[in-house]
Amino acid sequence: MNQSTKFALQISQLTKVYEDGFVALKGVDLDVAEGDFFALLGPNGAGKSTTIGIICSLVRKSEGSVTVFGQDIDTDFSAAKQYVGVVPQEFNFNQFEKPIDILINQAGYFGISAKVAAERAEKYLLQLGLWDKAHVPSRTLSGGMKRRLMIARALMHAPKLLVLDEPTAGVDIELRRSMWEFLQEINKQGTTIILTTHYLEEAESLCRNVAIIDHGQIVQNTSIRELISQLNKETFILDTREKLSGCPQIEGYPLKQVDTCTLEVEVEKSQSINELFAALTSQGLHVVSMRNKTNRLEELFFDLVAKNLQEKGNE
Amino acid sequence: MNNRHKWIAFMTIVRREIHRFMRIWPQTLVPPVITIVLYFVIFGRLIGGRIGEMSGLPYIQFVAPGLIMMSVITNSYSNVVSSFYGSKFQRNIEELLVSPTPNWIILLGYVVGGMSRGLGVGALVTILSLYFADFSLHSLPITIGIVLMTSLMFSLAGLINAVFANSFDDISIIPTFVLTPLIYLGGVFYSIELLGEFWGSVSLINPILYMVNAFRYGMVGITDINIAWSFGMVGIFSALLFFVALNLLEKGSRLRS
């Protein structure tokens with residue numbers, strides 16, 4: 001980021017020590033540029049939700065500073081809160097209220113008139129496929145609908161920064177994809193988005209930049225592209241047209257037979273997949289399809305977390 | 001947030017609170033009315049006739065202001081304690097905590113919601129009491145003034161209880177073990193003249209005694225307590241509870257991690 005970059009979020013030396021003495025954050029520094037689609041990744045208990053909780057003032061920080069579009073959350077809390085919309089991990093709306101009321105009330109808490117709120121509520125309920133459920137008690141909504149309702153609620157005051165804490169947890173693939181499209185559209189319109197997720201392909205598909213947090217510290221903060229370029233090897237699954245009589249042996253490519261028509265192979269960054277295909281063809285095997293065994297980012301993520309854990313052990 | 005935004009936020013909370021207790025009116029409005037009607041029937045009609053007069057008034061006329069005040073107190077308190085604790089329990093209080101709504105607006109919103117229910121039930125009970133007793137209102141300003149201040153005070157107390165509550169049991173402990181004894185010993189059913197000097201003096205530490213007597217004075221013109229002193233006590237208690245409640249919200253006690 002160059003000097004002219006405007007920041008949606010700046011976190012400096014953020015520390016959180018809970019009352020029981022648990023240190024959730026240990027001096028976190030993080031900058032998110034305006035307009036970015038940013039992923040905050042980390043294993044359970046790493047400090048993601050604590051960080052988000054502090055940004056939206058549900059968690060009190062112990063030390064450090066947080067500014068949202070230049071407004072300090074301590075000294076300019078009213079202005080800072082106007083900029084932030086948050087979609088928490090757990091459902092936190094009144095299950096007895098109707099979606100339309102939940103949205104209009106949320107806008108009211110931000111000082112938005114009922115007329116404007118009603119227009120926005122209709123817009124977002126339509127966009128998120130919830131309009132036909134607008135007047136039913138929200139406890140009757142499915143899990144996916146509840147998640148979308150929380151996204152709509154977070155957008156009611158037109159925040160410039162949208163923070164989503166695992167928004168697609170427990171949502172089926174089809175719905176997840178439609179939520180991705182919606183979020184991408186929101187981001188294109190200028191809203192900065194920070195996303196935490198366990199679905200790393202979600203971060204890979206949506207986000208431009210990423211920070212990995214582990215044990216309350218940022219262990220990596222870079223672009224998704226840069227992060228993926230750090231991968232040294234990938235594991236592929238190959239489906240062959242012919243039935244395998246045994247596992248083929250090809251020098252430099254450790255192959256494993258998965259079943260009668262499926263092979264698994266590790267390919268290093270310096271190697272060529274074409275060479276492998278040529279070698280297999282020469283042995284009378286034709287690859288009809290190929291896919292990654294695991295998500296590439298996932299492999300890297302586990303490497304980084306394991307490395308961090310090892311360093312902690314050495315200390 | 002400018003003043004217009006604050007007003008919108010305040011009215012949103014108030015509307016939501018009123019909508020909440022109106023939506024569940026069989027739980028919030030009907031039971032207190034039935035309870036008070038039973039008091040009127042039993043203490044007013046059945047037993048009252050045998051008691052005769054109290055402080056120079058037919059017993060039903062003596063007891064009616066106290067019963068109305070009892071419904072205002074319990075409903076103001078229970079509305080705020082159950083609504084605020086319910087919001088904590090379901091975590092939808094976070095909707096307010098992430099918003100720029102100042103804490104004093106949140107506090108006032110809940111309190112006015114509680115007062116709306118307390119005064120609403122009080123009005124229903126007053127209308128019903130006209131069937132059992134004849135009133136000629138002695139002082140409208142005193143009646144309205146004390147009922148508003150009492151409702152305010154117990155709405156504030158309900159919010160403080162809700163902040164400290166960790167379970168639904170915790171929101172019934174204070175009403176059962178503190179509020180109900182104070183109401184019953186607060187001169188609703190008797191004049192403290194009957195208690196003798198010692199217990200009469202002990203009763204003076206019960207704040208509900210001041211509210212019931214001031215309200216009774218406003219309605220029927222008799223009291224055991226100086227009215228100015230009653231207003232002063234209720235005012236001091238309300239101010240104290242307001243600052244405690246606001247301080248709890250500002251600190252985020254049991255609301256923010």
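**Entry 1: loop residues of chain A**

I began with A:Ser57, which sits in the loop of chain A between helix H1 (48-55) and strand S4 (63-68). Helices (H or I, at least four residues) and strands (E, at least two) are DSSP runs, numbered from the N terminus. The model I consulted is predicted: local features need pLDDT of at least 70, side-chain atom pairs count only at pLDDT 80 or more, and totals for chains, interfaces and linings use all residues. Residues are numbered from 1 along each chain as its sequence is written, while chains are lettered from A and ligands numbered from 1 in the order in which they are written.

I noted that A:Ser57 has a positive phi of about 65° although it is not a glycine. Is A:Ser57 buried or exposed? I record A:Ser57 as buried, because it has 23 C-beta neighbours inside 10 Å. The cut-offs are 20 or more other C-beta atoms within 10 Å of the residue's own for buried, 12 or fewer for exposed, and in between for partly exposed, with C-beta atoms placed from the backbone.

I then looked up A:Ala158, in the loop between helix H5 (143-155) and strand S7 (161-165) of chain A. Its phi is also positive, near 50°, in a residue other than glycine. A:Ala158 has 14 C-beta neighbours inside 10 Å and therefore counts as partly exposed.

**Entry 2**

I traced an open, antiparallel sheet of 4 strands in chain A, ordered S12-S13-S11-S14. Strands S12 (255-259) and S14 (287-292) of chain A stand at the edges with a single partner strand each, so one side of each has no neighbour in the sheet. Two strands pair if DSSP finds at least two bridges between them. Strand S11 (residues 233-240) of chain A is joined to S14(A) by 5 bridges, and the two run antiparallel. Within this pair, A:Leu238 has A:Met290 of S14(A) as its bridge partner.

**Entry 3: chains A and B**

I found 22 residues of chain B in contact with 25 residues of chain A, contact requiring C-beta atoms, placed from the backbone, within 7 Å. On the side of chain B that touches chain A, helix H1 (3-23) and helix H6 (94-97) of chain B are the elements that give two or more residues. H1(B) supplies the largest share, 7 residues.

Note on methods
Two residues are in contact if their C-beta atoms, placed from the backbone, lie within 7 Å.
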